[in-house]
Amino acid sequence: KQSLTTTVYASDGSVLAQWFAGENRVLVEAADLPQVVRDAVVAIEDERFWDHGGVDLQALTRAMVANIEAGDVVQGGSTITQQYIKSVILTPEVTIDRKVEEAVLAVRIEESLTKEEILVRYLNTVYFGDGAYGVGTATAHFFGKAPADLTVGEAALLAGLIRSPSDTDPYRHPDAALRRRRVVLNKMVELGWLSPEMRRLPTRSL
């Protein structure tokens, strides 16, 4: 169970007050999540999400090689399922035992939930920065709209925030946010989920 935001409205529909139960979050149903949001997040966070069973050995191997070559942690191999588990069940602690537990739980969850259910739960849980938890709150906070109304560029920018919300905060670091958005758009084109024409956006626009 996740903390939710309570909103009190006046008779004319205006907002009178909001209370945050620890985290500013508004749940979004699967029907309200457009394909462009799903594609952007999966492309940059877990491109094999629809194919693996909770743990992506290919991604783990690739990350291990990259980290060894760099002499530092430059890539992660966690799937969206693992990230979801870490945020709602486990602590952020990084140990071998914890990673094994995370992997086991990921496989079990994949056996009991559909891929769409996992993705929707993840998007309602993940932190996008600047106090915004979940895609519903993030779209309202950064763009003043609902997830269903996001453009390709806006969806890509949000997806790019997940890995490092502070460093790519569009309010404090707009250039970094735009660069990260471009990475997401390029990945979507590479995977065939976005046409090169749709990728062409104004370089300074958020």
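Reader: What is a salt bridge in this model?
Author: The model is predicted. Side chains of opposite charge can pair when their charged atoms come close. Here the partners are a side-chain nitrogen of Lys or Arg and a carboxyl oxygen of Asp or Glu, and the cut-off is within 4 Å.

Reader: How many salt bridges does that rule give?
Author: The rule takes nitrogen and oxygen pairs within 4 Å. By this rule, the count is 8 salt bridges.

Reader: Which residue forms a salt bridge with Asp130?
Author: Asp130 lies in the loop between strand E4 (127-129) and strand E5 (132-133). Its closest N and O atoms to the partner are 3.3 Å apart. That is a salt bridge because the cut-off is within 4 Å. The partner is Arg172.

Reader: How many residues apart are Asp130 and Arg172?
Author: Arg172 sits in the loop between helix H7 (152-161) and helix H8 (174-190). The pair links distant parts of the chain. The two are 42 residues apart.

Reader: Is Arg172 buried or exposed?
Author: Its relative accessibility is 56%. Exposed means over 50%, so Arg172 counts as exposed.

Reader: Are Glu110 and Lys115 buried or exposed?
Author: They form a salt bridge, with the closest N and O atoms 3.0 Å apart. Glu110 has 15% relative accessibility, and Lys115 has 16%. Under 20% means buried, so Glu110 and Lys115 are buried.

Conventions: Residues are numbered from 1 along each chain as its sequence is written. This is a predicted model: local features need pLDDT of at least 70, side-chain atom pairs count only at pLDDT 80 or more; totals for chains, interfaces and linings use all residues. Side-chain values use heavy atoms; hydrogens and water are left out. Buried means under 20% relative accessible area, exposed over 50%, partly exposed in between (1.4 Å probe, protein chains only). Helices (H or I, at least four residues) and strands (E, at least two) are DSSP runs, numbered from the N terminus.
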